[in-house]
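User: I want to go through the charged pairs in this protein. Please keep it brief.

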Amino acid sequence: MESMFIENLFGALGLLFNVNTLLVILLGVILGLFLGILPGIGGTAALAITFPITYEMTAGNGILFLIAVYSAAEYGGSIPAILINTPGTGAAAATILDGYPLSQKGFPKKAMQISLASGVFGGIFSTLVFILMGPLLAWVGLQFGPIEMFAVGVFGLSIVCSLVGKSVVKGFLAVAIGALLASIGPSNFSGLRFTFDQHYLLDGIPMAVAFIGFFAVPQAIKMITAETEASAHVDLKKSGKNDFLAFRQLKKLFMTMVRGSLVGSIIGIIPGAGTGIACFIAYNEEKRFSKRPEEFGKGVEEGISAPESANNSVVGACLVPTLTLGIPGSSAAALIMGLLIMKGINPGPMLFQEQGRLVLLIFTGLIIVNIFLLLVGLLGINVFALVTRIPQRILGPFIIVLVLTGTYSYQQNANHAVMAMILGIFGYILSRAQIPNIPLVLAFIMAPIMEYNLIHALMIHRGDYMVIFKSPICVGILVLSAYSAVYGYIREKRSQARENQNQDKSAE
């Protein structure tokens, strides 16, 4: 066992410190930074836009490329938040609270350096969490059979519906839509479904097309139809004399980064929670720990460091349930999981035994990704402000071009480009109705896996549906799923009641 681990480790290091692999990581960091800086893109949309680049890559290089894009995009989103008060990603909304005020005081470079250092710290911290918890969760997962894995899928979707979006009911509606779309095409146990005798639906909707359609196209439409554009910017040449992060200041932020990274790692492991929740929780906790909470919101360093360390720590932590249990920890992790499945690799407990070298490649690659992010981020601070000035009306059509090119290049099939646009328009309509796309896409990925596990369990037990209630683990997970859904609904109603009370008081 030990010799196998050492062999896999040396094999992973050999693959990692290959010129092609390092160039792939560097390319991912540069593209991720560029896309993250563009206001409104976000880490998930950045992954969707760059996803077609992985078609010709190996599974290892493809995953490292997507992780590099994701990590860099999450940091990149803080740059327009700091410079022009416009978050490049949803998670960077927390960074605005103190990042923009600090830049207005004449310290934009210092604010970006705090963001970068905290993000890299959080990324490496979550990698260590991944290394420590991954094998443990894999062992736990090995105790699960098909019916237990079906219950885990239900639990994951239940959590996502409870945490994502403003309405639990709309979250479950999104799951139903995603599952319905996933059922189009061939089934593992029966014939074709919902193809309506259309030849382009015989193979179903490809994952890559669904990812790009539901994440990239709606974002492009929002940019094209946006009525306002960011115009204000910070001139880096006019920054203050002490506009840099001194080592003594970095030392003072150490415990802040630890607390933020802990929050991000815990939230990241919970499927569907996402970076936005982690960042605001980390910000609130840091404000609670602070001896000067009244200064938060006026440009304090801790107000930047806490959410940014939480932000990037989610990246590695969300891979824990994705790789060990086959439950995507976020929409971005769903894309990474989709890439594995496309490459013929099934995430789950057996991944650590069957693909030990690949898992270790991801472990070690996460650290290299953050080192590259630190180097590229430090070198590029002076030019980042230029990218934030690109008008959104130009970015939107540019993304549409990327979508059409990427979906067509997937299998040189023009029907896929049409599918992506139709799904994108549908996704935009759903977003206007406040129906979240994250539960939809997660259901699109997980529904076939859940169906396979359920039918496999029924075949083993000769069609006895009571097998669901004969497994204590399965029953326990389903009870937790129901509790999650009910709790989310009750919390939603209480939140609405508080908002109504506040509105009544303000009206008086």
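This is a predicted model: local features need pLDDT of at least 70, side-chain atom pairs count only at pLDDT 80 or more; totals for chains, interfaces and linings use all residues.

Analyst: A salt bridge here is a side-chain nitrogen of Lys or Arg within 4 Å of a carboxyl oxygen of Asp or Glu. Residues are numbered from 1 along each chain as its sequence is written, and side-chain values use heavy atoms, with hydrogens and water left out.

User: Which residue forms a salt bridge with Arg193?

Analyst: The closest N and O atoms of the pair are 2.8 Å apart. Arg193 lies in strand β2 and its partner in helix α21, so the bridge ties together parts 258 residues apart in sequence. Helices (H or I, at least four residues) and strands (E, at least two) are DSSP runs, numbered from the N terminus. The partner is Glu451.

User: Is Glu286 buried or exposed?

Analyst: Glu286 meets Arg259 in a salt bridge, 3.0 Å from N to O. Buried means under 20% relative accessible area, exposed over 50%, partly exposed in between (1.4 Å probe, protein chains only). Glu286 has 4% relative accessibility, so it counts as buried.

User: How far apart are the closest N and O atoms of Glu301 and Lys110?

Analyst: Glu301 sits in the loop between α13 and α14, and Lys110 in helix α7, 191 residues apart. Both Glu301 and Lys110 are buried. Their closest N and O atoms are separated by 3.1 Å.
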